[in-house]
Amino acid sequence: MTGAGRRHAVAVILFAALALLAAGCGDQSTLSPHSKASRDIATLWWWMLGAAGVVFFGALFLLLLGWTRRRKRGLPVFGEDEGLTTGLVVTFGIAVPVVTLIALFVVANFSVVSATQAPKTASTAMTIQVIGHQWFWEVRYPGTTAVTANEIHIPARTRVNVVATTTDVIHSLWVPELNRKIDMIPGHRNRVLLYADRPGVYRGQCAEFCGPQHAHMSMKVFAQPPDRFRAWLRNMAAPRRAPSSPELTRGEQVFVASACASCHTIRGTSAHGEVGPDLTHLATRTTLAALTIPNRRGYLGGWILDPQHIKPGAKMPAIALGGADFQAVLDYLQSLR
Amino acid sequence: MATTTTTTAARARVDRLERIWEERPGLLGWLTTTDHKRIGILYLFTSLAFFGAGGVEALLIRTQLLGPDKTVLTPQQYDAVFTMHGVTMIFLFVIPISIGAFGNYLLPLQIGARDMAFPRLNALSFWMFAASGIFIYIGLAVGQAPSAGWFNYVPLASKTYSPNLGIDFYALGLIFNGISSTVASANFIVTIFKLRAPGMSLNRMPLFCYAFLAVSFALLFALPVLSVSLIFLELDRQLGFHFYDIAHGGDPLLWQHLFWIFGHPEVYIIILPAFGIATSIIPTFVRRRMVAFPLVALAELLVAFIGFGVWAHHMFATGLSTATTVYFAAASLVIVIPSGIQLFAWIMTIVTGTPEFKTPLLWIVGFIVFFIIGGLSGIMFAAIPFDQQLTDTYFVVAHFHFVIFGAAVFPILGGLHYWFPKVTGRMYHEGLGKVSFWLTFTGTMVTFFPMHILGLLGMPRRNYTYPRDMGWTGFNVLESIGSYVLAAGLVLIAVNLAMSLRRGAPAGNDPWKAPTLEWATSSPPPPYNFAVIPAVSSPYAMWDPEDREKDVRNLEAGVLVLEQGHETPTSTVVDAEWDEVVEMPSDSPWPISLALALSGMFAMLLLAHWVTAGVFLAFAALVLLAWHSKEPQEA
Amino acid sequence: MTRPPLLIAAGAAALLAGCGSSPRALPGASADRGHADIVQIGCGACHQISGVDGAEGRVGPSLVDFSARHYIAGGRLTNTPSNAVRWIMSPQQILPGGVMPDLGVDSAAAADIVAYLYGQ
Amino acid sequence: MSAVTRSTEASGGAEIRGVERNRLSQPNGWWGIVLLIATEATLLLAIVGTYYYLRFQATQWPPRGIAAPSVALPLVMMGVLLLTSVPMQLAAVATRAGRVGPTRALIVLAMLVQAGYLAVQIILLRNDLLDFSPAATAYGSIYFTMIVAHHAHVAIGLLLDVGILIRLIGGLTDYRAVGVRAIALYWHFVNLMAIIVVLTQLSPSL
């Protein structure tokens, strides 16, 4: 059997269910890579699994041998030669591991690591800035005024340098289908490469425990064809769409005058809060509360009036609005494309 | 040995020993005891109580994750529960049961001593451990449990983001707990160095003792670093210092470095006693000596040593420089070698021996299987890119549960069965024992193996819930079911052992025909352990029948009996030449008093009553004065 | 989507439809589709509804006992299938200035939702 | 083995001398203090390590507004403290020879110097506290924590001196002889740490 063949045989025995799943499910899996970095890691994993399988079943075989020969002393063929037994311990415990581990070390930490480490300066086409907050992701595009949250747009097939920082506790930026994770640590400017082989949506999630709503700190990376990305970015950089009807104007007035404005920014209005996500183009986003709920009118309404049952512990308080004001704000927020 | 007494002179000597070493009866006796065996039993039951608490917390976690969007626990409760689960299992269960219970009870017996080198310090260790555990659990009881995870990263654990007292309970409780473990490890080292039966030179010392020697040294050098990190944390939280505060020149990564400089040796501290138990059980049931004995002894010491040079592999995703990560990855691979030596030594010993698969050996075989799985997944984390992809996911949770539960706790459970006849004088039920093993083994596999897959599928750890349609639900349900099976297995062990306590068949001195000295004395052993300090000419002392015959002759002749006082011999460190006889302190009220005074001090530090804390400290100093007021020759 | 409570709900609705004596019959409506619509629209963001993940809102009244209620729409309407459908489709018309927003639900979807709510 | 030494029962000069002569290896108490020193040294080195960790992260050390420490007095103080290792070691030698009088005198001598050292250091610490606060910058935090940790070890040493002197009033026993040796070792450790701590403390000015 070839090396690859054996590797797959072991993989099938051990991980049949997993392999099936990995093929079908691409949500946040490390095993459905969509970039060189992620693919290299996945390949490294399958090789390590193969080698681990050999060791595991080898050891299991020895234990079974011990069971079948439980009434006989010594080894089959070799008998009770103490020197030989010690020699076998030295072989399996020292010699074989040394060779295997050196191979692993060189391949993983010199070859694979080069695809996954922080991109060299000037090796990338663009830089974006992702800032962790309890519990959402702020996304900025240096050189433009664009600010958004929880939905990172990048051009496909383009090396993107991501600067990952935080405003409060430690978070970790992780989009497994595209690359390894990188921690966001106060006072440290860590960087990671994002690259997508083809347009698509790739789910990511905070990977360092960051408080009660760690579980609801997810995000999506939208890799788009470059022209669509440019159009999106142009729109993102612009201030909010001016209200086009009296009803929407009223919605904006209510928003600016209410508690909303003390935490949220809508560029082009006097709402400049910095606690929560920028809402200038809220209606272009597909989800609310860092992928906790879909961005649809019903959910949006419930989120505004009582966020704490949807995301207990989130910084957003319940906003008490009268019925008519509430309808106006809903209309207004839905107009922010 | 008491049973082999024949002559009246010998019997008279044994009677004198009985009178000299007898302790107070009743509750007062337990509170003031300095007998390492009784202290070991106190450790055992206390740590088992914490095991129960940690187990309930585990089941709560698994029940919350039984399906997506479940609301068994609120997010805040979930965070408190998983933090307490980690803290409990590591600091209040595995370390105290392996070092406190197994080490305390067995180590002096295996080296042929009558007690630990510092019996009162030994009692102090226990009372401080118990007090620190209760201290931390008071936090949970009053609704102020820590909830920043067991490694408690700042700034989440800072006053700004964790304003209640939970983190203070954690930090002060662990400092207190650390003092207890430090004192215990110093005690073990001196006991191993100085109290070995004359003749038991280092190369004749059982491998179990080597494991405990290695663990004790690791604790001695790892714990102070934890204490320093916790002191810094409390200074930041309570007095507004800035060790971890980036805005004033501190650094949150400092906490991670300090914590893991302690935390990684800690992993080996957890697992080395298990290695020791395995090297005790295997030779007994395969009827042969350990293969490659000196290599295994060396490997045990090396694991503890190299464990200090690998900490930053917990920080590969923090943005350390590539050179740093590559160094730590290399060091992490080096530590595989001593582990590999031990692994293959156990396996080859089983293969070349004639194993009898009784319950204790089954647990060890289970341990070997889980250690291989956990070890192999551990090696994968030395591949930096793989680590950066899979760290902080369920793959890590799978890895360390195979290592900590599969590899560290299985030998503990095996050891409970193996030494049950020695401690109680009765046999456990073999059939029930085997059933409980297979139940626990299956439960462990079903609970923890699918976690690898969940990690690969991208599920981060420490999430109180997860969305539907991620492909995670099925594995989570499976794991939760596994955890209930696992719990059932553990309950069955408890039932078996509890029933056998009353109804088990009498065990006799040495039911297994085992090689080490604890089997030379009666079951349970008398307070003085051995009527005669045993003769030793190999690490498998009980398999040297001429030595045991010599013990009987010595008792009849009154040689090496030391029946004039509360005494034990000391010997030289390497060759174990007979050196001198030292008087051992008997039962004392001061250890528990000191532990109480220190508890008061820590409670006051928690509440920021600095002056009252100082009063308790002064009280502790007075207790120490009283402690030393009675010298041996005045006894 | 095919979870036990839903099957039971659908079964119950089918039974009711079958015997023809129920005043709550909704010809052609499907509780199964209703469940999907509820998730899609986000009713659970404001209401408690059994059998829907995360539907534990306390902004509006709980809908767990919807079938037992005599009045809906803040007391404006009696609880009949056609009234319930109307209310879900255009709450702002029935109760102008109320909190319940118009969510653009068409009559078929509204009927499905009502079928689910009656059958839960 | 024939001549079983019951060392813990020895008292008086001659018996102590005998015990010391017959002993093949260090007594339990000696090992105990060595291990305590090992763990305490790790603790202090972790603190000193933190000092350098923070220092190499900082752009300016000490931070703006805090004067670099003055060198002369702390160095002299350190030298004085180091000298006390001599009487402590001589006390250990005297006790092994079973001579209680010189033991007492030497410990008293060392203790007076050590107490003076601590007193002066506390005054210096007070002056530092008037200049800058441990709660203002990380520099202040590590500076004061490191120094107080060192002083705490000196204070504990003084308590040990007092304790053993009280015990020595009743003459010499093996228990007390081992105690004197242990305390001498402890002081050597404190003095060694004094070099490391003081040089670290002064390092911005050196």
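This is a predicted model: local features need pLDDT of at least 70, side-chain atom pairs count only at pLDDT 80 or more; totals for chains, interfaces and linings use all residues.
**Figure 1. An aromatic cluster in chain B.** One aromatic cluster is formed by B:F102, B:F188, B:F208, B:F212, B:F285, B:Y418, B:W419, B:Y428, B:W512 and B:W519.

**Figure 2. Charges over rings in chain B, at B:W30 and at B:F151.** The charged end of B:R38 sits over the ring of B:W30, 4.3 Å from its centre, and the charged end of B:R462 sits over the ring of B:F151, 4.3 Å from that ring's centre. A charge sits over a ring if NZ of Lys or CZ of Arg is within 6 Å of the ring centre and within 35 degrees of the ring normal.

**Figure 3. The fold of chain A.** Chain A has 9 helices and 12 strands, which are DSSP runs (helices H or I of at least four residues, strands E of at least two) numbered from the N terminus. Its radius of gyration is 27 Å, well over the 20 Å that the globule rule gives for 337 residues, so chain A is more spread out than a compact globule; this radius is taken over C-alpha atoms, and the rule is 2.2 Å times the number of residues to the power 0.38. Of the 337 residues of chain A, 58% count as buried.

**Figure 4. The contact between chain D and chain B.** Chain D brings 41 residues to this contact and chain B brings 53 residues, with contact meaning heavy atoms within 4.5 Å. In chain D, the residues D:N28, D:L35 and D:Y175 lose the most area to chain B, together 16% of what that side buries.

**Notes.** Residues are numbered from 1 along each chain as its sequence is written, and chains are lettered from A and ligands numbered from 1 in the order in which they are written. Local features need pLDDT of at least 70, side-chain atom pairs count only at pLDDT 80 or more, and totals for chains, interfaces and linings use all residues, while side-chain values use heavy atoms, leaving out hydrogens and water.

Conventions:
Rings of Phe, Tyr and Trp (its six-membered ring) pair if their centres lie within 6.5 Å; planes under 30 degrees apart count as stacked, over 60 as edge-to-face and the rest as tilted. Buried means under 20% relative accessible area, exposed over 50%, partly exposed in between (1.4 Å probe, protein chains only). Buried area is the accessible area (1.4 Å probe) that two parts lose on being put together, summed over both.
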